[in-house]
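Visitor: I should like to learn how to read a structural model feature by feature. Could you take me through one?

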Amino acid sequence: MPDSTSQQVMDIRAGLSHALGAASTALDAARAGYTRAVDRLRRVTEAAEARRHKVAAARDTRLAEIDQQHKTDLAAYAEAAAAAADRAAPGAAGDPWDDWQPTPHDQAAELRIGRLLLPHPEDVPALVPLLDRGHVVVRGDRATGDEVVAGLLLRALGTAPPGGVQIIGYDPEHLGGGLARFAPLAPANVLTFVGPGGLGALLDDLTGQVRRINETVLAGEYSSLRELNLATHRRPEPWRIAVLLGVGELSRAEQAHLQRLLRTGAACGVHLVIQGMPVPAGEGIEFITAAPGDRARMSSAGSLPVRLDPGPPQPVVAAACRRIAEAVAAGPAPVALDSLLPQVEWQETSATGLTAPLGDSPLGVPVPVTLSDYPPHALIAGPSGTGKTNLIYAWMGALAARYSPAELAFYLLDFKEGVSFARFAPGRRDQTWLPHVRLVGVNVNTDREFGLALLRFLGEELRRRADAAKQHEVTNLAELRAEDPEGSWPRIVAVIDEFQVLLSGRDAVEKEAVDLLEDLARRGRSQGIHLILASQDVSGIEALWGRPALVAQFSLRIALPRARRVLAEQNTAAESLPRYHAVVNADSGAVEANRVVRVPAAGDRERWNALQHRLWRRRPDDHPPRLFDGDVVPRLADSPDFRRLTPAEQMPAPVVLLGETIDVEARSARTVLRRAPGRNLAVLGTRTEEACAIIATAALSLAAQFPPEGARYSILCLDPDARPAAAALCAQLPECGWYEHDNADWVLEDAAAESEASWPADRPHFLLIYAADALPGGKSAADQLRTILRQGPERRIHVLGWWRGAALLRDALGGPASRTDPIGSWVALDVHGSELSPFYPGTTTPSWYPRPWRALHFDRSVHRGAEVIIPYGAGS
Ligand SMILES: Nc1ncnc2c1ncn2[C@@H]1O[C@H](COP(=O)(O)OP(=O)(O)OP(=O)(O)O)[C@@H](O)[C@H]1O
């Protein structure tokens, strides 16, 4: 058993030791595991710590990055917002007051009132959309609010062209005091006030404006003035800002009006700035809560605080208001002439009429004006300085650019003192001319005869056209042109500025002028001859109004500001016209036909020259217009009639030129010295220089027709003052005899003897006597001269004598009872018509008043009445 016990013990021991061993192993393993676990824990903990640090670092970096990004974004947004604000409120809309001045623009801007306080230093302007966009209600602190209103108004004024913003003030509490700083605008009507009881009327008026603008300006084509402006770049209506200060309670009707305006006004440029009155929130209404410091707010910025700008300094307001008022008083800036010109020049046909714009309507649309069968002629009126001449230039420019010279011809006459039409003819500085112009008459105010000459010339042209029409069996120009396409039938436009001068005088000139005008006006319409008559004041032209049939032909009426009577009696449109505008009326001035036109500036040489030079370079021929300048003394050498004179083998009868006639073709006045009784010439009057000039013209024109020995010339000079001129002439004449006081008897005796001879002379003898009334030698010399005058011409001895008075000539002929027919032709200088009656047919006297460098010529063999002539300059 012991064995078994010991065995058992041993077994137990073995078992125990085994278990111990196992336990020890397990313990070791457990320990090792523990150690590893502790180690892992340590490592994990360390790793976790390291990760936490890393994450924290990463987070910090990221946070820093985000923060930086945020800051950058915020800066960018703030910058962008500021830039956008600058764009939305450029110049006067946003500039600080210390650097502020008006910067007119035709598009509405938003207006700065202060700055938005963002958590960022960038300055972001707080802007209010007023013009074209909405209305502003200012509430809160009254004094601060006043400054906000003043700032808004000044900025609005400064962003628009002068007069483009009109302010109407309603300030019942302070009777306008709230807007007192803008008072300099009042005289120019840029600021008007409505009295304490006038709110209803003001709202009524504004509602009326909105209705009118909707109906006639936007006319269904545009939804707002802003849209119209964007589409056309024009702004036909001003912005109207009604400033309602401390209004108090409104009646129901006023409330209704106000609500309507708040809803509809902005589209029509009618805006309300309201202070001290509750207004419910609504679209397009900006509410500004005025408060000092950071407590101000504006509705469009939500809860963002706003710091309001201080109000504009008084000197800035005063200077701006003065400038605006002055600019408004001076009128709108001129429109450019180019706005009337077509894209391509000389493309139109004038077969049925002439149509060209004269300017823009208030809506900015060009207003075409037509001359045709109806209306055929135009009457323009405007007091001096209102732009009549400018309007004529603008019209001519628009026509000349559209119609080539083959389609249109101008004849221009200016009775005004000055040379406004001279620019169309070649001048000393500018050699170009307007190719359409055929005739220019300037400085003609004392030469009304030139007006007559033009009318006679047009009358002739009318007859020529009527004959051609008859030949082609047609009745008007359009048909004639169709039948005769090769013919030259331009429409003729004759412009007579200050035409009342032509129709003044109550004399033969006036009568003939009115008759001719009436005929031309009546028959010219169908033959393409159009008259444009302009005058400072048509109301007093009796010759015109006395002929209703004549006036009726002028159905196109153009009235410049304050023109009288040119429109129909009840039509007062011209009274309220702004400067540089005209009423164009193609229906004899009837109110319904009024069209208001803004006329571009065409008077400016520079503007005109560009057009004229362009058209001149395209001129179809090289014929400049005939320029008649009443102030210029013509030269014999330039006379076409003189240039045509040449010595002929068989001289029919010598022609004597005397001076230039006042006519369209610059003809010379002439008399013919045939071998017949009475063919002598008398120059009458005391003006030595002119008398000498006429005798020189006569003698030189005679000399031009004879070969050197073909005629004989004798000069008898009895006036020492005439001696230099007579001697100079003598030097120019071939074979010229010279006689004075001492030897006068030689030439008189000889010539008298020759005159009585029974045989005709083999060559003519021209006896030029200066101061024939001063003959020496008593009765015998006088008798000899009478013999020469009576009998000489039959024997080819002709006297060209100067007597210093009509009565002296009469004496030379034998006294009051003697016959005057030995003097067949005379030229009178400073001699009145009544003194000339003995030398004039019938019992009439020529209607003429003497004036410097003009003479009256009469040739009994060809003239019905005397003609005014201009002596050629003595030096010619
Ligand atoms: N549409 C216009 N735009 C700009 N300036 C103008 C315009 N019309 C006229 N003017 C200017 O006004 C002035 C007077 O114009 P204009 O000579 O045409 O007047 P008028 O009526 O013919 O005067 P007057 O009969 O005294 O000659 C000129 O200096 C002219 O340049």
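The dialogue that follows goes from the whole chain to single residues.

Guide: Please note at the outset that this is a predicted model.

Visitor: How many helices and strands are in the chain?

Guide: The chain has 19 helices and 31 strands. Of its 876 residues, 43% are buried. Contacts can also be sorted by separation in sequence: among those between residues at least 6 apart, 72% join residues at least 24 apart.

Visitor: How should I read a nonpolar core, and which residues touch the most other members of the largest one?

Guide: In soluble globular proteins, nonpolar side chains tend to be buried together. Here, the largest nonpolar core has 173 residues, and I695 and A699 touch the most other members. Helix α15, residues 688-703, gives the most to this core, with 11 residues. Domain 3 (374-629) and domain 4 (636-870) both contribute residues, so the core lies between them.

Visitor: Which residues does I695 touch, beyond those up to four places away in sequence?

Guide: With those sequence neighbours left out, I695 touches V683, L768, L800 and W802. Another core, of 74 residues, lies apart from the largest one; L116, A126, V165 and I168 are among its members.

Visitor: How does one check the length of a helix, taking α3 as the case?

Guide: One compares the expected span with the distance between the end C-alpha atoms. Helix α3 (residues 199-218) has 20 residues, which at 1.5 Å a residue should span 28 Å; the end C-alpha atoms are 27 Å apart, which agrees.

Visitor: Where is the kink in α3 centred?

Guide: The kink in α3 is centred on R212 and amounts to about 25 degrees. Just after this helix, A219 takes a positive phi of about 45 degrees.

Visitor: Which residues of α3 are buried, and what do they pack against?

Guide: The buried residues of α3 are L199, L202, L203, L206, V210, I213 and L218. They pack against both strands and helices: β4 (165-170), β5 (191-194), β6 (239-245) and β7 (270-275), together with α4 (225-232) and α5 (252-264).

Visitor: Let us turn to α7. Is this helix enclosed or exposed?

Guide: For α7, 15 of the 15 residues are buried, so the helix is largely enclosed by the rest of the structure. Its reach from first C-alpha to last is 21 Å, close to the 21 Å expected at 1.5 Å a residue.

Visitor: Where does UniProt place the feature "binding site"?

Guide: An unreviewed UniProt entry places that feature at G382, P383, S384, G385, T386, G387, K388 and T389. Two of these positions may be read in turn. P383 is found in the loop between β13 (378-381) and α7 (388-402), whereas T389 lies in helix α7.

Visitor: How may a loop residue be read, for example L340?

Guide: L340 is in the loop between α6 (314-330) and β11 (353-360). It counts as buried because it has 24 C-beta neighbours inside 10 Å. The C-alpha atoms of L340 and P357 are separated by 6.0 Å, although these residues are 17 apart along the chain. Beyond residues up to four places away, L340 touches A356, P357, A394, G397, A398 and P600.

Definitions and conventions: Residues are numbered from 1 along each chain as its sequence is written. This is a predicted model: local features need pLDDT of at least 70, side-chain atom pairs count only at pLDDT 80 or more; totals for chains, interfaces and linings use all residues. A nonpolar core is a set of buried Ala, Val, Leu, Ile, Met, Phe, Trp, Tyr and Cys residues joined through C-beta atoms within 7 Å. A residue is buried if 20 or more other C-beta atoms lie within 10 Å of its own, exposed if 12 or fewer, and partly exposed in between; C-beta atoms are placed from the backbone. Helices (H or I, at least four residues) and strands (E, at least two) are DSSP runs, numbered from the N terminus. Domain bounds come from an automatic or database domain assignment. Two residues are in contact if their C-beta atoms, placed from the backbone, lie within 7 Å. The expected span of a helix is 1.5 Å times one less than its number of residues. The bend at a residue is the angle between axes fitted to the seven residues ending there and the seven starting there. UniProt positions are given in the numbering used here, feature names are shortened, and annotations may be inferred rather than shown by experiment.
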